[in-house]
Amino acid sequence: MTPERWQQIKGILHLALQKQPEERSAYVDLVCQTDPSLQREVKSLLGSAPGAAEDFLKSAPLNRAWLAKGDRLGAYEIITLLGLGGMGEVYRAHDPRLGRDVAVKVLPRAEMNEQNRLHRFEQEARAAAALNHPNILAIYDIGTTEHGGPYVVSELLEGCTVRQRLELGPLPAQEAIAHAIQCCRGLAAAHDKGIIHRDLKPENLFITRDGVVKILDFGLAKLIRPLPDASTLQNATEPGIVLGTVGYMSPEQVRGESGDPRSDIFAFGAILYELLTGKRAFTGKTSADVIGAILNQEPSGLALSKQNVPAFLKIVLQRCLQKDPAARFSSARELLSEMERVTVSHLRAKPLLSKWLVAFAAVLLVSAGVWKFRVIRDSISAKFDSRNIDSIAVLPLENLSGDSSQEYFADGMTESLITDLAKIGVPRVISRTSVMQYKGTHKSVPEIANELGVTGIVEGSIVRSGDHVRVTAQLIFGPRDQHVWADSYDRNLRDVLNIENEVSQSIAEAIRLKLSDEEKAHLAASRPVDPEAHDAYLKGRFFWSQRSESDLKKAIASFQQAIAKDPNYPPAYAGLADTYFYLGYAWGKMPPTEAMPLARAAAQKAIELDPNSAEGHTSLATVDLSYDWNFPGAEQEFKRAIALNANYEWAHHAYSALLIAAGRPEEAIAEGRKAVEVDPLSVPARNILALELLDAGRLDESIQLDLKTLEIDPNPTHLAMIHGRLQDTYQRKGMPREAFEEHIKTLQAFGVDSKGIDEQRKIYAERGWRGITESDLNSELHEWEKEHWHFIAFMIAQSYARLGDRDQAFIWLDKCIDLRSTMMYLIDSDPRGAFATLRSDPRFAGIKRKMGMSS
Amino acid sequence: MSASSSPHQVSELLMRWREGDSNALDSLIPVVYAELRRVARGHLRRERPHHTLQSAALVHEAYVRLASQTSPQWENRAHFFGVAARLMREILVDHARNRGAAKRGAGTTQIALNEALNIPQLKSVDLILLDDALLRLSKLDERQGRIVELRFFAGLSIEDTSEALGISPATVSREWTTARLWLRREIAKANTA
């Protein structure tokens with residue numbers, strides 16, 4: 001087909017569609033006589049129109065039922081159509097069983113075609129029907145039409161909607177208040193039962209002939225959204241149909257949240273405003289403009305002044321219309337009591353009022369007035385302010401390069417941002433291990449913010465191709481999922497450090513953090529770095545964070561590569577130090593005598609290149625502690641590191657280990673808590689805190705924490721550590737059965753098969769804990785034969801000590817010293833309680849002397 | 001692009017774009033794209049298992065987010081929706097294609113868009129087929145393709161579409177009607193093929 005041909009076809013189609021359906025075929029035959037292929041084409045296109053509604057634009061959007069007089073709907077006999085609303089048709093019908101007339105609202109079918117929705121509709125309708133209140137429309141019955149559209153039967157009202165009343169202009173204040181209070185009473189009754197309206201508007205408020213206000217359509221808004229279509233959009237009384245009745249929606253609702261009772265309060269405020277002024281609270285030419293007004297504008301105060309709206313009412317209004325739900329009345333009940341109080345004071349100003357009412361009002365004012373005012377003012381000023389962002393989590397930047405080998409680059413950039421933000425003094429920045437858990441997550445921003453206890457979330461993405469990199473970043477006020485700042489950067493790879501700094505600085509500005517000149521200089525002084533070196537460094541940090549021995553070896557290679565490219569690049573040395581440390585600690589089997597000197601040398605180099613490197617000082621401290629057993633030296637380095645960057649989890653973490661070992665349990669707990677605070681989801685941080693609680697004898701707290709950590713879904717190694725500690729804790733609590741079950745779980749986490757587990761159960765049944773310890777010792781000795789790993793030597797010493805074999809225990813501890821075991825710094829505090837039987841032995845002091853520790 | 005962190009950045013870019021600065025569009029697209037992806041992802045996270053991507057809701061939500069950080073009187077709305085519709089189409093179609101690829105042999109991906117589209121008769125639109133058909137339609141009539149994109153993927157009303165493209169509402173509805181007939185037939189053809 002050619003474009004010209006298509007134009008021709010369209011023309012004929014258009015004309016054909018204007019004919020009656022039955023005339024179309026003949027019409028096409030007539031105009032296409034000379035061109036059979038054109039005729040076929042047009043007919044085939046017309047044939048694709050569904051039979052029932054040939055012309056889409058004229059078809060009703062909502063499959064209306066269009067019932068006629070005499071039609072039956074269940075037990076009900078239709079009398080006449082009363083009106084059409086966004087939600088369907090309303091009929092007057094007769095219920096012959098009770099001999100009364102009722103109102104029947106038939107809801108659109110298209111929206112309700114799913115079983116579960118129908119089910120939900122019934123639930124909601126049932127809940128609404130339970131609301132027996134004079135200010136809420138009474139629901140009698142529900143059912144389904146033969147077309148599948150649900151219908152609701154309710155009391156029949158005579159009068160007009162508030163919308164219709166408003167067409168006559170604003171209401172006198174007293175009348176407006178009277179209506180508003182009735183509406184409030186209905187709302188309060190519903191909110192008390194946990195039912196939210198979600199679509200309160202003048203169309204949904206009815207004033208009966210007797211002046212009773214009834215709220216209509218409770219619970220239906222959630223189920224049925226008006227749909228965008230030509231016919232509804234042309235309805236001038238309903239701007240913004242696309243997102244529902246935008247004008248009365250709360251800011252949180254226009255943002256797509258489902259809303260809570262406070263959303264109804266907002267809508268109530270908008271309606272009250274309109275009742276008093278005759279003008280909409282939020283206006284705009286289009287739905288988008290109305291949304292903008294709801295989110296950003298205050299309703300005009302001029303209109304209120306023009307109508308002489310009393311000041312008390314203005315304050316109530318203002319509080320209802322707060323953008324932040326937390327600043328509004330928390331419930332309709334609270335609003336109602338405030339409204340009633342306002343009424344009294346308003347009436348008091350009227351000369352006609354009786355004396356007792358004046359007295360009554362005065363009492364109320366004296367008792368409640370003063371502090372109420374303060375509450376109101378405080379909550380108004382507690383509006384959202386970007387300065388409220390005092391803690392930030394940087395979510396893993398998304399790698400949009402479509403190349404998973406670039407993953408480390410995005411992760412590395414995430415980490416650099418975390419470091420930068422911490423350095424420039426954001427009070428709390430969540431560290432890498434916690435945020436990495438959200439990689440590829442399915443959680444929403446408010447959920448994440450809540451879990452991490454932060455107010456700010458940074459999100460972004462990276463696209464890298466060759467030497468070119470594009471970074472997009474945005475800062476979101478987490479609790480409200482609201483933008484604070486966003487930007488994108490297109491750069492050469494060489495400038496990548498600058499991008500990181502710019503992003504950090506922009507975020508600092510966005511949250512109005514005052515950067516000292518020194519901090520600015522610190523950020524700006526980023527020396528140009530060889531992109532390849534940076535690249536290799538990021539790769540190294542990625543492998544390092546994986547912690548398996550093979551990944552750690554890859555990390556070493558990457559850091560060395562970075563150093564080869566740029567021998568004066570401090571972070572690469574710190575990374576190298578940390579990797580050697582891990583390899584010599586328990587994550588790898590490198591002998592400490594090899595790993596630790598390398599770790600120390602690298603840490604010292606990092607510090608030499610950048611004396612302010614918190615990472616460098618921490619690395620050095622860990623070596624001092626676990627390898628040299630030099631407690632004072634290590635403590636000094638830890639303190640230095642924390643002073644340089646209080647958001648560095650690893651510094652708090654390792655320092656708290658020192659404090660346990662030094663027998664300062666409460667300080668250890670405090671430091672461990674800081675580690676968890678900057679890294680709430682880090683299993684290692686939580687592990688060390690649990691150990692500290694156990695050490696301090698706070699057994700129940702320790703158990704609580706471990707059980708919570710299990711919910712984070714730790715990896716098998718961590719799982720084994722947690723169950724192992726629970727075993728120790730239950731032992732100390734004198735609960736051997738529970739301890740044994742934890743022992744079994746520890747073995748399972750290590751991958752012991754069911755045969756092995758059965759054996760353990762058998763041993764325990766026959767010989768109790770002693771049997772288990774003997775069996776542990778056997779396998780440890782077996783391991784030792786295979787490989788002389790310092791960690792196993794330490795375990796063997798513990799097992800002998802538990803079995804009461806002091807001679808062997810000391811022999812093995814001595815061996816640990818010779819191996820320079822990185823576990824030995826824990827000898828004195830012994831949080832697992834293995835060495836208790838050794839303490840009184842003079843050889844114990846000898847061990848400590850040999851280690852260079854004072855007793 | 002400069003690293004300015006002005007909160008009015010998006011509207012400035014739109015302004016510049018409207019004034020003929022084509023670089024502005026290049027700078028704008030990643031911001032809008034990131035936002036749409038974010039919103040879409042948020043929905044995918046929250047939504048029910050057989051998630052219905054309501055493109056109109058997504059675009060509007062993205063607009064609300066971006067609009068809320070700038071002036072509420074956003075005159076460049078139409079331009080925003082122009083960009084957003086194109087990006088939304090990419091996101092949705094990519095999503096459909098990826099899902100299809102993941103479930104190879106499970107047939108083409110069906111995503112129920114009827115809520116967003118308000119075409120009750122088109123219960124579930126095969127997005128990939130739709131995208132292909134739309135591509136062909138755009139070759140026959142570029143403006144008609146744009147109309148479908150705006151109506152379909154950004155959920156714009158007839159009026160908003162007319163504003164965005166600077167043509168009368170009557171023209172929009174005429175073109176929209178015939179475009180839908182054409183698309184419906186093409187999709188039906190492909191489905192039976």
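Me: What makes strand 4 of chain A largely enclosed by the rest of the structure?
Reply: Five of the seven residues in strand 4 (residues 100-106) of chain A are buried, so the rest of the structure largely encloses it. Buried means that 20 or more other C-beta atoms lie within 10 Å of the residue's own; 12 or fewer makes it exposed, anything in between partly exposed, and C-beta atoms are placed from the backbone. Strands are DSSP runs of E, at least two residues, and helices are runs of H or I, at least four, numbered from the N terminus. This is a predicted model, where local features need pLDDT of at least 70, side-chain atom pairs count only at pLDDT 80 or more, and totals for chains, interfaces and linings use all residues. Residues are numbered from 1 along each chain as its sequence is written, while chains are lettered from A and ligands numbered from 1 in the order in which they are written.

Me: How do you know that strand 4 of chain A pairs with strand 6 of chain A?
Reply: Pairing takes at least two DSSP bridges between two strands. Strand 4 and strand 6 (residues 150-155) of chain A have five, so they pair, and they run antiparallel. A:Lys105 stands opposite A:Val152 there.

Me: Why do strand 7 and strand 9 of chain A count as edges?
Reply: The sheet is open, with three strands of chain A in the order 7-8-9 and antiparallel pairing. Strand 7 (159-161) and strand 9 (213-215) of chain A each have a single partner strand, so one side of each lacks a neighbour in the sheet. Three bridges link strand 7 to strand 8 (residues 205-208) of chain A, and A:Gly159 has A:Thr208 as its bridge partner.

Me: What lies across strand 8 and strand 9 of chain A?
Reply: That's helix 6 (residues 173-192) of chain A, at about 35° to strand 9 of chain A. Axes are lines fitted to C-alpha atoms, for helices over the stretch in contact (C-beta atoms, placed from the backbone, within 7 Å). Angles run from 0 to 180 degrees between N-to-C directions.

Me: Which element of chain A has the lowest mean pLDDT?
Reply: Helix 7 (residues 230-233) of chain A, at 30, whereas helix 34 (residues 806-818) of chain A has the highest, 94. pLDDT is the predictor's confidence in each residue, from 0 to 100. Chain A averages 78, with 80% of its residues at 70 or more. Over residues 345-386 of chain A, pLDDT stays under 50.

Technical notes
Two residues are in contact if their C-beta atoms, placed from the backbone, lie within 7 Å.
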